[in-house]
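Reader: I'd like to learn how to read a protein model. Please take me through one, feature by feature.

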Amino acid sequence: MARTVIIEEHGGPEVLKIVDRDVGEPAPGEIRIRHRACGLNFIDCYQRSGLYPMQLPHALGMEAAGVIEAVGDGVTHLSVGDRAAYAAALSGAYTEARVMPAAQVCKLPDGISAEEGAAMMLKGLTVQYLFHRTTPLRAGDTILFHAAAGGVGLIACQWARSEGLRLIGTAGSDEKCALALEHGADACINYATEDWPVRVRELTDGKGVDVVMDSIGKSTFGGSLDSLKPLGMMISFGNASGAVEAFNLGILAQKGCLKVTRPTLFAHIADPAVCREMAAMLFGKVLSGDVKIRIGQRFPLEQVADAHRALEARSTTGQTVLTL
């Protein structure tokens, strides 16, 4: 049996429940993993609230790290006793142990702790596809990155610095801006006190940025388009403020032949070989010291509702993990 966080209805953090569930044995192509830590992400809140509806009841959580306890037939890249971490489309990571498909589970290198592994997989692989699989980026290009002091943002700030990219961040307080600057942002705008699209233009001599990476969604979409230079790329990869509303495609032409894409991590890691290739690059960044995983908050599994409240209040910095 394993303590597991589930929801039986959509709603606020109060709908999160901890139940005991049978773990079972892995079928062909599956593994059983005993978790040491679980990562939290905004997508967990979307699923809990019903923004991304789920068939209920359902377990939550999409990334974790631990030790492989059993391996099903056909699994060759993992063995019993391996330390491993994953981000997976099949939710259910908020648990002590689970049986799951092995395809997106990656062997965790020595030198990266279980907490770091749990905190970095979904967020770090997201940064990998943003920087290497979405639009061409070259040293010297300028990026506008919203929520630069969050879990994805702090990894992005360091990643950009390691590759000679100029990253302009936004954050909701002076303290969060200072954190983004400490982690490699070239500049960071406090959107609570500044007109950030105007400030972006000032910071780019009126030209605008090459790429916007926007996980906020509804409240920042218009300003993000206004921050791009002609032929620039808008990457909308999240909905922290709500889903982006319908808009007239002609606006993209009016603002300089802009491009817009709405990617998801799980489309990129669907191919297991690609997933492991992306993870290898992420692990390399961490092991080299180019990217340090900052765990800003730890909550025991029993306090998962408090963890969700903190995440939704945007009171967190860096990564948040559930401890077991």
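Reader: Let's start with strands: in which sense do strand β1 (residues 2-7) and β4 pair, and over how many bridges?

Author: The general idea is that strands of a sheet pair through backbone hydrogen bonds, either parallel or antiparallel. Here, β1 and β4 pair in the antiparallel sense, and two bridges link them. Two strands count as paired if DSSP finds at least two bridges between them. Strands and helices are DSSP runs numbered from the N terminus (E, at least two residues, for strands; H or I, at least four, for helices).

Before we go on: this is a predicted model, where local features need pLDDT of at least 70 and side-chain atom pairs count only at pLDDT 80 or more, while totals for chains, interfaces and linings use all residues. Residues are numbered from 1 along each chain as its sequence is written, and side-chain values use heavy atoms, leaving out hydrogens and water.

Reader: What is the strand order of the open sheet that three strands form?

Author: Read across it and you get β2-β1-β4, with antiparallel pairing. β2 (17-21) and β4 (58-59) are the edge strands, each pairing on one side only.

Reader: And what order does the open sheet of six strands have?

Author: That one goes β11-β10-β9-β12-β13-β14, and its pairing is parallel. β11 (187-190) and β14 (259-261) each have a single partner strand, so one side of each lacks a neighbour in the sheet. From one strand to the next, the twist averages 15 degrees. For a close look at one pair, take β10 and β11: they pair in the parallel sense over four bridges, and N190 in β11 is the bridge partner of A171.

Reader: Which helix lies across β10 and β11?

Author: Helix α4 (residues 174-182) does, and it runs at about 165 degrees to β11. Axes are lines fitted to C-alpha atoms (for helices, over the stretch in contact), and angles between N-to-C directions go from 0 to 180 degrees.

Reader: At what angle do helix α2 (residues 114-132) and helix α9 (residues 272-288) pack?

Author: Two packed helices are described by the angle between their axes and the distance between the axes. For α2 and α9 the angle is about 105 degrees, and the axes are 9 Å apart. The two helices are therefore roughly perpendicular (65 to 115 degrees; under 35 is roughly parallel, over 145 roughly antiparallel, the rest oblique). In contact terms (heavy atoms within 4.5 Å), residues of α2 including M120, L125 and Y129 meet residues of α9, among them M278, L282 and V286. By class, this contact has ten nonpolar, three polar and no charged residues. Nonpolar covers Ala, Val, Leu, Ile, Met, Phe, Trp, Tyr, Cys and Pro; charged covers Asp, Glu, Lys and Arg; the others, Gly among them, are polar.

Reader: How do the axes of α1 and helix α10 (residues 304-312) cross?

Author: They come within 10 Å and cross at roughly 110 degrees, which makes α1 roughly perpendicular to α10. F42, D44, C45 and R48 in α1 meet H308, L311 and E312 in α10. That contact has three nonpolar, one polar and three charged residues.

Reader: Which residues does a cis peptide bond join?

Author: Most residues other than glycine have a negative phi, and most peptide bonds are trans. Here a cis bond joins L56 and P57, with omega about -5 degrees; P57 is in the loop between α1 and β4. As for phi, D205 isn't a glycine, yet has a positive phi of about 55 degrees. You'll find D205 in the loop between α5 (196-203) and β12 (209-214).
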